[in-house]
Amino acid sequence: MKNRFLIIVIFFLTIKGFAQTTIIPDYANDTRVITTGVPFLLIAPDARAASLGDMGVATSVDAFSQQWNASKYVFSEDKSGVAISYTPYLSKLVNDIFLGNVTYFNRINENSAFAASFKYFSLGDIEFVEDEFSEALIQRPNEFTVDLSYGLRLSDQFGMAVTMRYLRSDLKLNTGNNDNSAASTFGVDISGFYQSEEEAYSDFNGRWRGGFAIQNIGPKFKYDEAGVENFQPTNLRLGGGFDFIFDEYNKLGVTVEVAKLLVPTPPILGDEYEYIDENNNGVYDEGDTLGDIVNSNVVFSGQDNDVPFLSGIFQSFGDAPGGFKEELQEFTYALGAEYVYQDAFSLRAGYFNEHETKGARKFFALGAGFKYNVLNLDMSYLFSSSKVPSPLEGTLRFSLTFNLGAGEYDEY
């Protein structure tokens, strides 16, 4: 009897010795799209940039350079300017959601410039009605930023700038039963711009352009005390271009730009189970006995994205669960061309591409610009080429610029 009891004990101890754990991934919830707070910061606010495929880090200087690369202002031929833009959003569904922007810049002297801007995103009016006898409660959720930049020309062809930003996001709906305080934070942009002297080629003159910007560097924030922390849409932009100057009346600028969110990629998560390795091969497979859940939402592939914002910037270059191939998929690219006649009329076209697994934004854009004396009028129109509908599909956008002290600086 004692021998039998000893055999049974040894048997169960042996079985327990094969008990291991395994993580079963939940691929169904693996969206692979990087999400951030305040995504309106990634919407092109001005018509010129929109018509070139949402680019502006390496295009020639204009009054809206604050939104893309503030270091371009030190190459402005105009002393100062004021720019206003209006972008309807989801215009096919509603008529009160929009993005507005006002920018002022001033080239202080040959080597420095500053700019200030205000960007406002309205989500329209939302009406709450308790019953047919109650008066409607109107809520107007909105977000805005206030920016201030300073640029310095470090050489004849290169300048850099720093932009400071205050951001406020008031998306909470106050129905009288909750805390409706707005979220706020700050961010920083660091940018640089290169513009060569005009050079003579065989049949035309030309000028090279190049730029970079790291935008929205700043701490994570919460929309409410009990909520999760959100990353700002920290974004790296790199671009280059060339101006074909055929004569004093005709010029064609071609630009290419790539961008990447410097935000950690969501990992593939799963549940960790205890199991009995029946065939003793070290992995969970058919025939093994699955036990209870040990841990939930365990990282199966990739890296944990609950990290500070600075760590997230560096982690974003190598944390995609799909490896280097997926990291490349997180880059967007844009191509744009702008024809200018007599510095008075412009025709523009652009294309923007984002990988299908990272948001699938793909569109063509067309635009035009008109200049009369100190006034510039720009417009753009977007054609989506993706299976995912664009909220800006069929949207006509306008920008207006007043150039003050036009032509006070001669760059060439």
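User: Let's start with one residue. Where is the place of Lys119?

Analyst: Keep in mind that this is a predicted model. Lys119 sits in strand 4, which covers residues 112-122.

User: Is Lys119 buried or exposed, and which side chain of opposite charge is nearest?

Analyst: Start with the general idea: side chains of opposite charge can pair when their charged atoms come close. Here, Lys119 is buried but has no salt bridge. Its nearest oppositely charged side chain is Asp147, 5.7 Å away, and a salt bridge needs the nitrogen and oxygen within 4 Å.

User: So which side chain does the side chain of Lys119 make a polar contact with?

Analyst: That's Gln67, at 3.3 Å, side chain to side chain. Not counting residues up to four places away in sequence, Lys119 also touches others, including Phe40, Leu41, Glu143 and Phe144.

User: How many salt bridges are there in the whole structure?

Analyst: A search finds 20. Take Glu330 and Lys260, whose side chains meet in one of 3.2 Å, N to O. This pair links distant parts of the chain, 70 residues apart: Glu330 is in the loop between helix 4 and strand 16, and Lys260 is in strand 13. Glu330 and Lys260 are both buried.

User: Now the strands. In which sense do strand 7 and strand 8 pair?

Analyst: They pair in the antiparallel sense, over 12 bridges. The two form a hairpin with 4 residues between them. To find your way, look for Val146, which stands opposite Tyr166 in strand 8. Strand 8 also pairs with strand 9, again antiparallel over 12 bridges, and there Thr163 has Asp189 as its bridge partner.

User: Last one: which residues touch the most other members of the largest nonpolar core?

Analyst: In that core of 18 residues, they are Val38, Phe40, Ile43, Tyr89 and Phe121. Apart from this core lies another, of 12 residues, with Ala63 and Tyr73 among them.

Terms used: Residues numbered from 1 in each chain as written. Predicted model: local features only at pLDDT ≥ 70, side-chain atom pairs only at ≥ 80, totals over all residues. Heavy atoms only, no water. Core = buried A, V, L, I, M, F, W, Y, C linked by side-chain atoms within 4.5 Å. Buried < 20%, exposed > 50% of the residue type's maximum accessible area, 1.4 Å probe, protein only. Lys, Arg positive; Asp, Glu negative; His and termini not counted. Polar contact = N/O pair within 3.5 Å; in protein donor to acceptor, adjacent residues only side chain to side chain. Contact = heavy atoms within 4.5 Å. Pairing = 2+ DSSP bridges.
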